[in-house]
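Visitor: I would like to learn how to read the features of a model like this one. Could we go through it together?

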Amino acid sequence: MRPALIGDIGGTNARFALVIPGDTAPYDMLNLPCADYAGPIEAIRDYLERVGAIDEMAPVEACLAFACPVHAERVKMTNNHWAFDKSDVQAALGLSLFKVINDFTAQALGVPHVDETHLFEVQSGRAQPHSARLIIGPGTGLGVAGVFPGRHAWIPLPTEGGHVSFAPMDEQELALLRFFQKRYGRVSVERVLCGQGLFELYLAYCELEGVAPRFQTPAEISQGADDGDALARAALLRFLKILGNVCGDATLTMGARGGVYLCGGILPRLLDWLPQSELKSAFNDKGRMQAYNADIPIQVVTHPWTGLLGAAEALHNEEVT
(Lines give C-alpha, C1' and ligand atoms only; values in the text may rest on other atoms or scores of the structure.)
Protein backbone atom coordinates (compact mmCIF):
# COMPACT_ATOMS: atom_id res chain seq x y z
CA MET A 1 0.00 0.00 0.00
CA ARG A 2 1.28 3.44 -0.91
CA PRO A 3 1.75 5.75 2.05
CA ALA A 4 0.10 9.15 2.21
CA LEU A 5 2.08 12.36 2.63
CA ILE A 6 1.36 14.70 5.53
CA GLY A 7 2.99 18.01 6.31
CA ASP A 8 2.97 20.86 8.80
CA ILE A 9 4.57 23.98 7.33
CA GLY A 10 5.23 27.03 9.46
CA GLY A 11 7.04 30.28 8.91
CA THR A 12 10.42 28.70 9.58
CA ASN A 13 10.20 24.91 9.25
CA ALA A 14 8.44 22.37 7.05
CA ARG A 15 7.72 19.12 8.87
CA PHE A 16 6.90 16.17 6.63
CA ALA A 17 6.00 12.56 7.35
CA LEU A 18 4.32 9.54 5.84
CA VAL A 19 1.25 7.75 7.19
CA ILE A 20 -0.65 4.62 6.26
CA PRO A 21 -4.06 5.79 4.92
CA GLY A 22 -6.65 5.36 7.66
CA ASP A 23 -4.06 5.63 10.44
CA THR A 24 -2.84 8.69 12.36
CA ALA A 25 0.63 7.47 13.39
CA PRO A 26 3.25 9.33 11.34
CA TYR A 27 6.60 7.86 10.44
CA ASP A 28 9.74 9.01 8.59
CA MET A 29 9.36 12.48 10.10
CA LEU A 30 11.78 15.11 8.83
CA ASN A 31 12.07 18.81 9.62
CA LEU A 32 13.28 20.92 6.67
CA PRO A 33 14.09 24.68 6.68
CA CYS A 34 11.65 26.57 4.46
CA ALA A 35 14.39 29.03 3.51
CA ASP A 36 16.23 26.23 1.67
CA TYR A 37 13.45 25.73 -0.91
CA ALA A 38 11.64 27.86 -3.48
CA GLY A 39 8.29 26.39 -2.46
CA PRO A 40 6.41 23.28 -1.37
CA ILE A 41 6.97 21.26 -4.56
CA GLU A 42 10.75 21.47 -4.22
CA ALA A 43 10.66 20.72 -0.48
CA ILE A 44 8.34 17.72 -0.91
CA ARG A 45 10.38 16.23 -3.75
CA ASP A 46 13.51 16.49 -1.62
CA TYR A 47 11.73 14.92 1.36
CA LEU A 48 10.39 12.01 -0.71
CA GLU A 49 13.85 11.39 -2.14
CA ARG A 50 15.37 11.38 1.34
CA VAL A 51 12.93 8.80 2.72
CA GLY A 52 12.77 6.69 -0.44
CA ALA A 53 9.07 7.27 -1.16
CA ILE A 54 9.45 7.45 -4.92
CA ASP A 55 8.32 5.59 -8.03
CA GLU A 56 5.80 2.86 -7.04
CA MET A 57 5.90 4.03 -3.39
CA ALA A 58 5.29 7.70 -4.16
CA PRO A 59 2.22 9.03 -2.32
CA VAL A 60 -0.94 9.75 -4.29
CA GLU A 61 -2.73 11.26 -1.28
CA ALA A 62 -1.55 14.23 0.76
CA CYS A 63 -2.72 16.65 3.42
CA LEU A 64 -0.55 19.69 4.08
CA ALA A 65 -1.06 22.30 6.78
CA PHE A 66 0.23 25.85 6.24
CA ALA A 67 0.69 28.77 8.65
CA CYS A 68 -1.47 31.19 6.66
CA PRO A 69 -4.99 31.55 5.25
CA VAL A 70 -5.68 28.68 2.83
CA HIS A 71 -9.26 29.27 1.66
CA ALA A 72 -8.31 30.46 -1.85
CA GLU A 73 -6.66 28.62 -4.76
CA ARG A 74 -3.58 30.83 -4.36
CA VAL A 75 -1.78 30.34 -1.07
CA LYS A 76 0.77 32.89 0.14
CA MET A 77 2.66 32.16 3.35
CA THR A 78 2.41 34.90 5.99
CA ASN A 79 5.88 34.53 7.50
CA ASN A 80 8.05 33.16 4.69
CA HIS A 81 8.48 33.54 0.92
CA TRP A 82 6.45 30.52 -0.27
CA ALA A 83 3.51 31.21 -2.61
CA PHE A 84 1.76 28.64 -4.80
CA ASP A 85 -1.45 27.48 -6.48
CA LYS A 86 -2.95 24.33 -4.98
CA SER A 87 -3.65 22.85 -8.41
CA ASP A 88 0.00 23.28 -9.43
CA VAL A 89 1.19 21.31 -6.39
CA GLN A 90 -1.38 18.56 -6.97
CA ALA A 91 -0.46 18.21 -10.63
CA ALA A 92 3.31 18.34 -10.06
CA LEU A 93 3.15 15.58 -7.45
CA GLY A 94 0.54 13.44 -9.23
CA LEU A 95 -1.90 13.44 -6.31
CA SER A 96 -5.42 12.02 -6.61
CA LEU A 97 -6.35 13.45 -3.18
CA PHE A 98 -4.88 16.74 -1.97
CA LYS A 99 -6.09 18.64 1.08
CA VAL A 100 -4.68 21.99 2.19
CA ILE A 101 -5.54 23.15 5.71
CA ASN A 102 -4.43 25.88 8.10
CA ASP A 103 -1.61 24.89 10.44
CA PHE A 104 -3.68 25.52 13.54
CA THR A 105 -6.54 23.55 12.07
CA ALA A 106 -3.98 20.74 12.03
CA GLN A 107 -2.96 21.51 15.61
CA ALA A 108 -6.63 21.43 16.63
CA LEU A 109 -7.30 18.12 14.89
CA GLY A 110 -4.11 16.69 16.33
CA VAL A 111 -4.88 17.51 19.98
CA PRO A 112 -7.46 14.69 20.43
CA HIS A 113 -4.72 12.23 19.39
CA VAL A 114 -2.13 13.50 21.91
CA ASP A 115 -1.58 11.16 24.86
CA GLU A 116 -1.54 12.32 28.49
CA THR A 117 2.25 12.02 28.72
CA HIS A 118 2.53 14.97 26.31
CA LEU A 119 0.22 17.30 28.27
CA PHE A 120 1.48 19.69 31.00
CA GLU A 121 -1.25 20.94 33.32
CA VAL A 122 -1.52 24.68 33.99
CA GLN A 123 -5.07 24.68 35.42
CA SER A 124 -7.07 21.60 36.35
CA GLY A 125 -10.72 22.48 35.75
CA ARG A 126 -13.40 20.16 34.36
CA ALA A 127 -13.61 19.61 30.62
CA GLN A 128 -17.15 19.30 29.30
CA PRO A 129 -17.40 16.29 26.96
CA HIS A 130 -19.47 17.78 24.09
CA SER A 131 -17.88 21.20 23.91
CA ALA A 132 -15.41 23.12 21.80
CA ARG A 133 -11.73 23.05 22.64
CA LEU A 134 -9.47 26.07 22.12
CA ILE A 135 -6.04 25.51 20.59
CA ILE A 136 -3.73 28.51 20.73
CA GLY A 137 -0.01 29.01 20.67
CA PRO A 138 2.85 31.37 19.89
CA GLY A 139 5.65 30.44 17.54
CA THR A 140 6.77 32.35 14.44
CA GLY A 141 3.26 33.84 14.66
CA LEU A 142 0.24 33.24 16.90
CA GLY A 143 -2.11 30.45 15.88
CA VAL A 144 -5.70 30.21 17.11
CA ALA A 145 -8.20 27.48 16.28
CA GLY A 146 -10.85 25.27 17.79
CA VAL A 147 -12.11 21.72 17.47
CA PHE A 148 -15.56 20.31 18.21
CA PRO A 149 -16.57 16.65 18.67
CA GLY A 150 -19.17 16.01 15.96
CA ARG A 151 -21.32 12.92 15.64
CA HIS A 152 -19.01 11.19 13.17
CA ALA A 153 -15.73 13.12 13.19
CA TRP A 154 -13.83 15.95 14.82
CA ILE A 155 -14.96 19.26 13.34
CA PRO A 156 -12.22 21.90 13.05
CA LEU A 157 -13.00 25.56 13.74
CA PRO A 158 -10.31 27.52 11.88
CA THR A 159 -9.75 31.18 12.76
CA GLU A 160 -7.32 34.03 12.24
CA GLY A 161 -7.63 34.99 15.90
CA GLY A 162 -3.95 35.89 16.14
CA HIS A 163 -4.73 39.07 14.23
CA VAL A 164 -7.27 40.56 16.64
CA SER A 165 -6.27 43.85 18.28
CA PHE A 166 -3.99 43.86 21.32
CA ALA A 167 -5.84 45.28 24.34
CA PRO A 168 -3.63 46.56 27.20
CA MET A 169 -4.86 45.73 30.70
CA ASP A 170 -2.75 48.06 32.89
CA GLU A 171 -0.47 51.10 32.73
CA GLN A 172 2.58 48.99 31.91
CA GLU A 173 0.84 47.44 28.92
CA LEU A 174 -0.33 50.87 27.76
CA ALA A 175 3.32 51.90 27.62
CA LEU A 176 4.17 48.70 25.78
CA LEU A 177 1.35 49.31 23.31
CA ARG A 178 2.75 52.76 22.50
CA PHE A 179 6.16 51.19 21.83
CA PHE A 180 4.62 48.71 19.36
CA GLN A 181 2.42 51.40 17.78
CA LYS A 182 5.48 53.47 16.92
CA ARG A 183 6.79 50.48 14.98
CA TYR A 184 3.64 49.08 13.39
CA GLY A 185 0.68 51.42 13.75
CA ARG A 186 -2.06 48.91 14.47
CA VAL A 187 -0.93 46.25 16.94
CA SER A 188 -2.36 42.74 16.77
CA VAL A 189 -1.88 40.20 19.53
CA GLU A 190 0.41 38.29 17.16
CA ARG A 191 2.81 41.26 17.13
CA VAL A 192 3.35 40.64 20.85
CA LEU A 193 2.78 36.90 21.22
CA CYS A 194 5.39 35.32 18.96
CA GLY A 195 9.14 34.86 19.01
CA GLN A 196 9.78 38.30 17.53
CA GLY A 197 7.20 39.73 19.91
CA LEU A 198 9.10 38.43 22.93
CA PHE A 199 12.24 40.08 21.58
CA GLU A 200 10.42 43.38 21.04
CA LEU A 201 8.85 43.23 24.51
CA TYR A 202 12.40 43.04 25.83
CA LEU A 203 13.44 46.01 23.66
CA ALA A 204 10.45 47.93 24.98
CA TYR A 205 11.47 47.30 28.58
CA CYS A 206 15.01 48.39 27.76
CA GLU A 207 13.72 51.62 26.20
CA LEU A 208 11.42 52.33 29.14
CA GLU A 209 14.33 51.83 31.55
CA GLY A 210 16.78 53.78 29.39
CA VAL A 211 19.33 50.96 29.09
CA ALA A 212 21.02 49.33 26.09
CA PRO A 213 19.76 45.83 25.18
CA ARG A 214 22.06 42.98 26.17
CA PHE A 215 20.30 40.25 24.17
CA GLN A 216 19.63 39.92 20.45
CA THR A 217 17.33 36.88 20.08
CA PRO A 218 14.31 35.36 21.87
CA ALA A 219 16.48 32.40 22.91
CA GLU A 220 19.02 34.76 24.48
CA ILE A 221 16.22 36.53 26.34
CA SER A 222 14.90 33.25 27.74
CA GLN A 223 18.42 32.29 28.82
CA GLY A 224 18.94 35.75 30.29
CA ALA A 225 15.74 35.39 32.29
CA ASP A 226 16.95 32.01 33.56
CA ASP A 227 20.21 33.67 34.57
CA GLY A 228 18.42 36.41 36.53
CA ASP A 229 18.53 39.39 34.15
CA ALA A 230 15.78 41.70 35.43
CA LEU A 231 14.58 43.06 32.07
CA ALA A 232 14.65 39.68 30.33
CA ARG A 233 12.68 38.27 33.23
CA ALA A 234 10.17 41.15 33.08
CA ALA A 235 9.67 40.68 29.34
CA LEU A 236 9.20 36.93 29.64
CA LEU A 237 6.73 37.15 32.51
CA ARG A 238 4.78 39.90 30.73
CA PHE A 239 4.67 37.75 27.60
CA LEU A 240 3.05 34.93 29.61
CA LYS A 241 0.61 37.30 31.35
CA ILE A 242 -0.54 38.76 28.02
CA LEU A 243 -0.88 35.24 26.64
CA GLY A 244 -3.10 34.34 29.59
CA ASN A 245 -5.33 37.34 28.98
CA VAL A 246 -5.62 36.61 25.23
CA CYS A 247 -6.39 32.94 25.94
CA GLY A 248 -9.08 33.95 28.40
CA ASP A 249 -10.73 36.26 25.86
CA ALA A 250 -10.59 33.62 23.14
CA THR A 251 -12.09 31.04 25.52
CA LEU A 252 -15.05 33.31 26.22
CA THR A 253 -15.49 34.06 22.51
CA MET A 254 -15.41 30.40 21.49
CA GLY A 255 -17.18 28.99 24.55
CA ALA A 256 -14.31 26.53 24.90
CA ARG A 257 -15.70 24.45 27.76
CA GLY A 258 -13.81 21.42 26.45
CA GLY A 259 -10.46 22.85 27.51
CA VAL A 260 -7.63 25.09 26.39
CA TYR A 261 -4.55 23.59 24.76
CA LEU A 262 -1.42 25.72 24.45
CA CYS A 263 0.66 24.68 21.44
CA GLY A 264 3.49 26.10 19.38
CA GLY A 265 7.24 26.07 19.57
CA ILE A 266 7.77 28.48 22.45
CA LEU A 267 5.76 27.30 25.46
CA PRO A 268 7.21 23.79 25.85
CA ARG A 269 10.55 25.54 26.54
CA LEU A 270 9.00 27.71 29.26
CA LEU A 271 7.30 25.10 31.44
CA ASP A 272 9.36 26.06 34.50
CA TRP A 273 8.20 29.67 34.16
CA LEU A 274 4.47 28.94 34.02
CA PRO A 275 3.87 28.40 37.77
CA GLN A 276 5.54 31.73 38.65
CA SER A 277 3.83 33.65 35.85
CA GLU A 278 0.43 35.36 35.80
CA LEU A 279 -0.81 33.31 32.86
CA LYS A 280 -3.46 31.48 34.87
CA SER A 281 -4.60 34.50 36.88
CA ALA A 282 -4.85 36.64 33.73
CA PHE A 283 -6.83 33.87 32.02
CA ASN A 284 -9.34 33.88 34.89
CA ASP A 285 -9.43 37.67 35.46
CA LYS A 286 -12.65 38.19 33.49
CA GLY A 287 -14.89 40.02 35.94
CA ARG A 288 -18.32 38.42 36.14
CA MET A 289 -17.05 35.49 34.05
CA GLN A 290 -14.16 34.61 36.35
CA ALA A 291 -15.80 31.43 37.66
CA TYR A 292 -16.60 30.38 34.08
CA ASN A 293 -12.95 30.50 33.04
CA ALA A 294 -11.58 29.15 36.32
CA ASP A 295 -13.48 25.89 35.71
CA ILE A 296 -11.82 25.26 32.33
CA PRO A 297 -8.67 23.09 32.14
CA ILE A 298 -5.53 24.57 30.57
CA GLN A 299 -2.76 22.32 29.30
CA VAL A 300 0.47 22.81 27.36
CA VAL A 301 0.87 20.33 24.51
CA THR A 302 4.47 19.07 24.43
CA HIS A 303 4.08 16.51 21.63
CA PRO A 304 6.65 17.35 18.93
CA TRP A 305 4.43 16.40 15.96
CA THR A 306 0.91 17.57 16.90
CA GLY A 307 0.38 19.21 13.51
CA LEU A 308 1.30 16.00 11.72
CA LEU A 309 -1.20 14.07 13.84
CA GLY A 310 -3.82 16.59 12.78
CA ALA A 311 -2.90 16.39 9.10
CA ALA A 312 -3.23 12.60 9.31
CA GLU A 313 -6.64 13.01 10.97
CA ALA A 314 -7.74 15.50 8.30
CA LEU A 315 -6.73 13.30 5.36
CA HIS A 316 -9.93 11.22 5.42
CA ASN A 317 -12.01 13.30 7.85
CA GLU A 318 -15.32 14.03 6.10
CA GLU A 319 -15.60 17.38 7.91
CA VAL A 320 -12.36 18.63 6.32
CA THR A 321 -12.64 19.53 2.65
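Visitor: Which residue stands opposite asparagine 13 in strand 3?

Guide: Proline 33 in strand 3 stands opposite asparagine 13. Before we go on, note that this is a predicted model: local features need pLDDT of at least 70, side-chain atom pairs count only at pLDDT 80 or more, and totals for chains, interfaces and linings use all residues. Residues are numbered from 1 along each chain as its sequence is written, and side-chain values use heavy atoms, with hydrogens and water left out.

Visitor: How many bridges join strand 2 to strand 3?

Guide: In general, strands of a sheet pair through backbone hydrogen bonds, either parallel or antiparallel. Strands here are DSSP runs of E with at least two residues, helices are runs of H or I with at least four, and both are numbered from the N terminus. Two strands pair if DSSP finds at least two bridges between them. Strand 2 and strand 3 (residues 27-33) run antiparallel and are joined by 5 bridges.

Visitor: What about strand 1 and its partners?

Guide: Strand 1 (residues 4-9) pairs with strand 2 over 6 bridges, in the antiparallel sense; isoleucine 6 has alanine 17 of strand 2 as its bridge partner. These two strands form a hairpin, with 3 residues between them. Strand 1 also runs parallel to strand 4 (residues 61-66), joined by 5 bridges, and there leucine 5 has alanine 62 as its bridge partner.

Visitor: In what order do the strands of the open sheet come?

Guide: The order is 3-2-1-4-7, five strands with mixed pairing. Strand 3 and strand 7 (97-102) are at the edges with a single partner strand each, so one side of each has no neighbour in the sheet. From one strand to the next the twist averages 15 degrees; axes are lines fitted to C-alpha atoms, for helices over the stretch in contact, and angles run from 0 to 180 degrees between N-to-C directions. Helix 3 (residues 103-110) lies across strand 1, strand 4 and strand 7, at about 95 degrees to strand 7.

Visitor: Where does arginine 257 lie?

Guide: Arginine 257 is in the loop between helix 8 (230-254) and strand 12 (260-262). A charge sits over a ring if NZ of Lys or CZ of Arg is within 6 Å of the ring centre and within 35 degrees of the ring normal. Arginine 257 lies over the face of tyrosine 292, 4.6 Å from the ring centre. At 18% relative accessibility, arginine 257 counts as buried.

How values were computed: Contact = heavy atoms within 4.5 Å. Buried < 20%, exposed > 50% of the residue type's maximum accessible area, 1.4 Å probe, protein only.
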